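Here is a short report on one protein chain. Keep the sequence and the 3D view open while reading.

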Amino acid sequence: MAEKEKNFGSTIKKLRKENKLTQEMLSQGICAQSVLSRIESGEEIPNVIVLQELCRRLNVTIDQVMQSQPEKLQKVTKIFNRVRFLFIHHNYTEVQEVLNESKVLDLLYLDTDFQIYYYYEGSCIFYLDKDYENAIQSLKKGLAYTYTKGKSNVSAMEVHMMSCLGYIYLESGNMQKAGGYLEHSYQLMQELPIGPASFELTKVFYHYAYFLFLKKDYQKSLEMCQNGIRWVQDCCSYYYLKELFLLASQVGQAMNNQAVDEGYFSLYQLVEKIDPEN
């Protein structure tokens, strides 16, 4: 048995246990439990689709599992999991503190890891400082690690970063740049491999819907809000659901459609009571 296969299987097993998942829980909907058992024991290497979904469920990238040493992977993954948790709860100041205090840049060497780092860095610069120029530079720097124009098999993170770039351009007043990034990110999202939906991609719908709202393309904006609402509900999440309901209400108001306005505003208020911090 090749040493690389042993290390790969043992890394999957180690990550599974750290995430407190049984083999049945990790493999459910992805592959047979017996297949996962053979992967962990080094008897089998999964195909790329199975590997992608296992990594997604473990909150790591394929590159991390294939190339990183388990000890280093564990430390980086722990930092990024903490940052991700804080970020989705809008605790941007704490995200910056974790990134700075952990000196995470010194631990990174994979392109995908640097991409994640600069995504969080640029997003925090935008949300905390409203420094559009430096936020855009950080996001573009992160995106450039893996993305080139015309690339096939674009990742969910690349789609997400393009959408965020579009939104920052929109907030800075550059509608032309914003439209290019937002339309492209939404198009690429439709081409992502079929698999468990990432609730964080809900922002792609929100960003594009908001752009369409500002362009006064109200019907298309409302449709985009509705697509985003369906997406986040399919993910069994509240992430950006409140924002989508509020935007849909504003679109209804702009359309002089009282039923749409009041209907979505009542849903916004309901989510506000259930999940006020988001």
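How many disulfides does the chain have? The count is 0. This is a predicted model, and every value below is computed from it.

**Cysteines**

A disulfide is a covalent bond between the sulfur atoms of two cysteines. The cut-off used here puts the two sulfur atoms within 2.5 Å. Take Cys164. Its nearest cysteine sulfur belongs to Cys124 and is 11 Å away, so under the 2.5 Å cut-off Cys164 is in no disulfide. Cys164 counts as buried, at 5% relative accessibility. Now take Cys235. Cys235 is buried, with a relative accessible area of 18%. The cut-off for buried is under 20%.

**Overall fold**

The chain holds 15 helices and 0 strands. It has 278 residues, and its radius of gyration is 20 Å. A compact globule with that number of residues would have a radius near 19 Å, so the chain agrees with the globule rule. The C-alpha trace spans about 70 × 40 × 40 Å along its principal axes.

Of the 278 residues, 48% count as buried. The chain exposes about 14200 Å², and 49% of that area comes from carbon and sulfur atoms. Consider the contacts with a separation of 6 or more: residues 24 or more positions apart account for 63% of them.

**Aromatic pairs**

The count of aromatic pairs comes to 26. A pair of aromatic rings is described by the distance of the centres and the angle of the planes. Two of the pairs are set out here.

| Pair | Type | Centre to centre | Angle between planes |
|---|---|---|---|
| Phe87 and Tyr120 | edge-to-face | 5.2 Å | 65° |
| Phe114 and Tyr145 | stacked | 5.2 Å | 10° |

The Phe87 and Tyr120 pair links distant parts of the chain. Phe87 sits in helix H6 (residues 70-88), and Tyr120 sits in helix H8 (residues 111-129). The two residues are 33 residues apart. Is Phe87 buried or exposed? Phe87 is buried, with a relative accessible area of 2%. Tyr120 counts as buried too, at 4%.

The Phe114 and Tyr145 pair also links distant parts of the chain, 31 residues apart. Phe114 is in helix H8. Tyr145 is in the loop between helix H9 (132-144) and helix H10 (156-172). Phe114 is buried, with a relative accessible area of 15%. Tyr145 is partly exposed, at 28%.

**A charge over a ring**

Which residue lies over the face of Phe126? Lys130 does, at 4.3 Å from the ring centre.

**A buried serine**

Ser221 lies in helix H13 (residues 218-234). Its relative accessible area is 0%, so Ser221 counts as buried under the 20% cut-off. What does Ser221 contact, leaving aside its neighbours within four places in sequence? Ser221 is in contact with Ala209, Leu212, Phe213 and Val251.

How values were computed:
Residues are numbered from 1 along each chain as its sequence is written. This is a predicted model: local features need pLDDT of at least 70, side-chain atom pairs count only at pLDDT 80 or more; totals for chains, interfaces and linings use all residues. Side-chain values use heavy atoms; hydrogens and water are left out. Rings of Phe, Tyr and Trp (its six-membered ring) pair if their centres lie within 6.5 Å; planes under 30 degrees apart count as stacked, over 60 as edge-to-face and the rest as tilted. Helices (H or I, at least four residues) and strands (E, at least two) are DSSP runs, numbered from the N terminus. Buried means under 20% relative accessible area, exposed over 50%, partly exposed in between (1.4 Å probe, protein chains only). A charge sits over a ring if NZ of Lys or CZ of Arg is within 6 Å of the ring centre and within 35 degrees of the ring normal. Contact means heavy atoms within 4.5 Å. The radius of gyration is taken over C-alpha atoms; the globule rule is 2.2 Å times the number of residues to the power 0.38. Accessible areas come from the Shrake-Rupley method with a 1.4 Å probe; for residues, only the protein chains shown count as cover.
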